[in-house]
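Keep the structure open as you read.

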Amino acid sequence: MKFKSPGPRGCFLQTALGTLPSVSQSIKSPPSELPNSGIDHWMLSGELTYLNHGSFGARPKAVHEHQEQLRAAIEGSPVHAMDEGMPMQMPDIKTSLGTFLGMEPAGIGLVQNASEAICSVLRSIQFESGDEIICTRHGYNAVLQLLRYVANRHEVTLHVVDLELPVLCPDTALEPVLSLLGDRTRLVVIDQITSPTALVLDTRNLLSECRKRGIDTLVDGAHGPGMIDLDISSMGATWYAGNLHKWVCAPIGAGFLWTDPSRLDQTHPVIISHGYEEGYAQEFDWQGTRDMSSWRSIPFVLKWMEEAWGWDAVRAHNHDLATWAHEMLTTSLGVEPLSPLDGGMLGSMAAVRLPPGIQERLGDPLVLQKMLRHENQIEVPVMELGDEWFIRVSSQVYNRPGEYELLANTLLAMQ
Ligand SMILES: Cc1ncc(COP(=O)(O)O)c(C=O)c1O
């Protein structure tokens, strides 16, 4: 397979698909495994080939045990834990998270997940009839549904922009969004890493253009923290919604909303509670009784991962493995890649087209996903975008090259 670079901007054009190598023929070496990174250090059962870290993350055993201890302590004295323990812990939680992701603690509102963070933003904006929201077709379906709901409720026009596949040039990928910005644009919602297609989008140009024009921006960073190195407050977004239970490997129920200092007073959590109109921190810090052990685990997991492997090493390993898997899978399956094979648009996931025949025969992506799970013990999501299906593989430190080769062989045998 040959690729050529047409110019200085790092854009790649695909030429013809060459002869397909067999699965075991190595294209480029996968990265070496990190020490003590095997699946036995994780809560995952080990009976599955787990190529879907991206959906709900996974927890190292040490993180799970820490959360269990926190839960036991909370249950031992619930009133003290909620009334005094949690407020006492908050500064440490926000400082460690802020240091890790480049956010000032005052801008951090803890939530349970990215959906909650995004709903908080959409509910906080006072839309007027005729306003416009722009997002892309590569957005997460639940978020697109929320945007449709908002559009219907407030007579807002929703533009769902297509980003053509394959995306050959990171620099120009978001031009279709830029070209739609106008006087009525009230909000742009943009994924940092797209869910169905696993593309890392370069949002810099778009965010700066929106800022210049006074247009609010919400970055859906559900996959960002832990996958790519972030300095959120310097990105130029109005809001950034992040998950910690995906790539930070925090317990399920740990997410956050970062808000630009200029918008703190106008941004409210989905659940309005005692803290209403007492400031951003007061409003977000108490949203009713809930299991706060996930939030309280954040400083522990950040430190534990750093001490176990180092965040830079985790990100580099996962990116290199995803880049290798991307090339191996596209070549083995004989399909056109969705983005350049140099991995320039990948983080720790890669989406790959299916070999011809499977989609037509099975008709429903969930049928394939369940077949792979139950008949082949492979956990991998089958994503649908328009009328095309993709498998989206994730790479975390516990994954090994042979697992992707097993997937390739399994898919080839299904043809
Ligand atoms: C891009 C994107 N946004 C938002 C979400 C929602 O995350 P959660 O279910 O944790 O709220 C996801 C979940 O996978 C996602 O991939």
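Two residues are in contact here if their C-beta atoms, placed from the backbone, lie within 7 Å. By that rule, α11 lies across β11 and β14. The helix runs at about 10° to β11. Note that this is a predicted model. The chain is divided into domain 1 (26–51 + 310–414) and domain 2 (62–305).

**Two domains and their contact**

- The centres of domain 1 and domain 2, taken over C-alpha atoms, are separated by 26 Å.
- Domain 1 gives 21 residues to the contact, and domain 2 gives 19 residues.
- On the domain 1 side, α11 (311–333), β11 (349–353), β13 (382–385) and β14 (388–394) each supply at least two residues.
- That side of domain 1 has 14 nonpolar, four polar and three charged residues.

- Three strands make an open sheet in the order β11-β14-β13, and the pairing is antiparallel.
- β11 and β13 each have a single partner strand, so one side of each is left without a neighbour in the sheet.
- Neighbouring strands of this sheet are turned by 35° against each other on average, direction ignored.
- β11 and β14 run antiparallel and are joined by five bridges.
- Which residue of β14 stands opposite valine 352? The residue is isoleucine 391.
- α11 has 23 residues, which at 1.5 Å a residue should span 33 Å. Its end C-alpha atoms are 32 Å apart, so the two values agree.
- Glycine 334 follows α11 and has a positive phi, near 70°.

- Seven strands form a second open sheet, in the order β4-β10-β9-β8-β7-β5-β6, with mixed pairing.
- Its edge strands are β4 (108–111) and β6 (157–161), and each pairs on one side only.
- In this sheet, neighbouring strands are turned by 15° against each other on average, direction ignored.
- β7 (residues 185–191) pairs with β8 (residues 216–221) in the parallel sense, over five bridges.
- Isoleucine 190 stands opposite valine 219 in β8.
- In general, strands of a sheet pair through backbone hydrogen bonds, either parallel or antiparallel.
- α5 lies across β5 (132–136), β6, β7 and β8. The helix runs at about 155° to β6.
- How far apart are the end C-alpha atoms of α5? They are 20 Å apart. The 14 residues of α5 should also span 20 Å at 1.5 Å a residue, so the helix agrees with expectation.
- Just after α5, glutamate 155 takes a positive phi of about 55°.

**The ligand shell**

- The ligand is surrounded by 13 residues. The closest are Asn113, Ser115, Tyr140, Ser195 and Ala222.
- α4 (114–124) and α5 (141–154) are the elements that give two or more residues to this shell.
- By class, the shell around the ligand holds five nonpolar, six polar and two charged residues.

**Backbone details in the loops**

- Where does proline 166 sit? Proline 166 is in the loop between β6 and α6 (175–178).
- The peptide bond that joins leucine 165 and proline 166 is cis, with omega about -5°.
- Asparagine 36 lies in the loop between β2 (13–14) and β3 (49–50).
- Asparagine 36 is not a glycine, yet it has a positive phi of about 50°.

Note on methods. Residues numbered from 1 in each chain as written. Predicted model: local features only at pLDDT ≥ 70, side-chain atom pairs only at ≥ 80, totals over all residues. Near = placed C-beta within 6 Å. Helix = DSSP H or I, 4+ residues; strand = E, 2+ residues; numbered from the N terminus. Nonpolar A, V, L, I, M, F, W, Y, C, P; charged D, E, K, R; others polar. Domains from an automatic or database assignment. Expected span 1.5 Å × (residues − 1). Pairing = 2+ DSSP bridges. Axes fitted to C-alpha atoms, helices over the stretch in contact; angles between N-to-C directions.
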